[in-house]
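Biologist: Could we go through this model together? I would like to begin with strand pairing.

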Amino acid sequence: MERYDTIVLGGGAAGLMCAAIAGQRGRRVLVLEGSNKPGKKILMSGGGRCNFTNLYCAPEHFISRNPHFCKSALARYTQWDFIAMVERHGIPYHEKTLGQLFCDDSSKDIARMLLAECADAGVVIRLSSEVSEVDRPGDYRVRCAHGLFGAPTLVVATGGLSIPKMGASGFGYELARQFGLPVLDTRAALVPFTFTGQLKAQFERLSGVSVPASVRCGNQSFHESILFTHRGLSGPAALQISSYWQPGDSLSIDLLPNQPISALVSEARASQPARQLGSSLGAALPKALVSELGPQQWQDLTSRRHAELSADDLSILSSAVHEWQIKPAATEGYRTAEVTLGGVDTDALSSRTMEAHNQPGLFFIGEVVDVTGHLGGFNFQWAWASAVAAAQAV
């Protein structure tokens, strides 16, 4: 049996970061990655440019049954710390929108940076090493295709269930349960919605149309763009609200969040009273969307002239544009979800070190933990921060 100071299960963002920092602290570290390539999710993220953090990272951008759990790790390893590493490696980057930082060139730059940090720290990485067994007769023992390995500390960075074609599995949750840690129910998050019946046909006709909007579910709302697809609804605002949506919930969409429809009509009535409403709406919204919106009353109104519109008409218009109610049938599920909600219960972990309370030397980091970020680089920042918290304690 080969012995190390620390074994890290998972060679993704959190696993590589943890291994590098632990190695720099003088630990002999082994990373076991089940797939044939490290950092696969890094490579495909951000359209191939990796949205590696966010300038405005703060605890309110994270979802957890315990919203306070993430605060310690995020405060001790901030977005500025990771940006400093990126700059030290000479990786060019830019802010795309809303504080989201992307590589100028390729996601490969972030993967290469982490691998270089691991190499400099003497970390051993073994690929195609799917773990078949973990036990703890004294030290932790891990068996895989490459043999049997032992270490006094074990870090679980195996990710969640999102995007199974990238190798995602529930192994981390199974391991948590094996060692007596509670695991909260999981579900797909940051994921497109699907529809059935008339709405599906309507959205198929709108496929490819994108528009700025505010999407609300319950008390939570996001103001970004939405994208109609042949299966349903995607785009940043839809992905964001999916983390708060439950089956049976309706979504309320405001298609003109920055311009009250009443003001648009008032201006048009004063300047072009004889013009049809549909023409004015076509200047504010994509024409294809105007032709598909609302009940029959809406379609009747679009052919009316501005001067003919009554107060009741304006009320119908306002509901259709600012409070468009739609009920998704489902989401696309883990197949296309960017992250997994739920996971290892944070009540079972130290917020400072990520170590299990009931199992000394056992750590859980990254997506496998019940901490899920909003879209925009927040999940990567949780990966970096939770990884460093564990690496400083192993």
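Biologist: What is the bridge partner of valine 156 in strand 22?
Modeller: In strand 22, valine 156 has phenylalanine 364 as its bridge partner. Strands here are DSSP runs (E, at least two residues), numbered from the N terminus, as are helices (H or I, at least four). This is a predicted model, in which local features need pLDDT of at least 70 and side-chain atom pairs count only at pLDDT 80 or more, while totals for chains, interfaces and linings use all residues. Residues are numbered from 1 along each chain as its sequence is written, and side-chain values use heavy atoms, with hydrogens and water left out.

Biologist: How many bridges join strand 12 to strand 22?
Modeller: Three bridges link strand 12 (residues 153–156) with strand 22, and the two run parallel. Two strands count as paired if DSSP finds at least two bridges between them.

Biologist: And what is the strand order in the open sheet?
Modeller: The order of the five strands is 8-3-2-12-22, with parallel pairing. Strand 8 (124–126) and strand 22 (362–364) are the edge strands, each pairing on one side only. On average, neighbouring strands of this sheet are turned by 20 degrees against each other, direction ignored.

Biologist: Which strands does helix 6 lie across?
Modeller: Helix 6 (residues 171–178) lies across strand 2 (6–9), strand 12 and strand 22, and runs at about 135 degrees to strand 12. Axes are lines fitted to C-alpha atoms, for helices over the stretch in contact (heavy atoms within 4.5 Å). Angles run from 0 to 180 degrees between N-to-C directions.

Biologist: Changing topic, is aspartate 300 buried, exposed or partly exposed?
Modeller: Aspartate 300 counts as partly exposed because its relative accessibility is 43%. Buried means under 20% relative accessible area, exposed over 50%, and partly exposed in between (1.4 Å probe, protein chains only).

Biologist: Where is aspartate 300 found?
Modeller: Aspartate 300 belongs to helix 12 (residues 296–302).

Biologist: What about the whole protein: how many helices and strands does it have?
Modeller: There are 14 helices and 23 strands. The C-alpha trace spans about 85 × 40 × 35 Å along its principal axes. Of the 394 residues, 53% are buried.

Biologist: What share of the contacts with a separation of 6 or more comes from residues 24 or more positions apart?
Modeller: Such residues account for 73% of those contacts.
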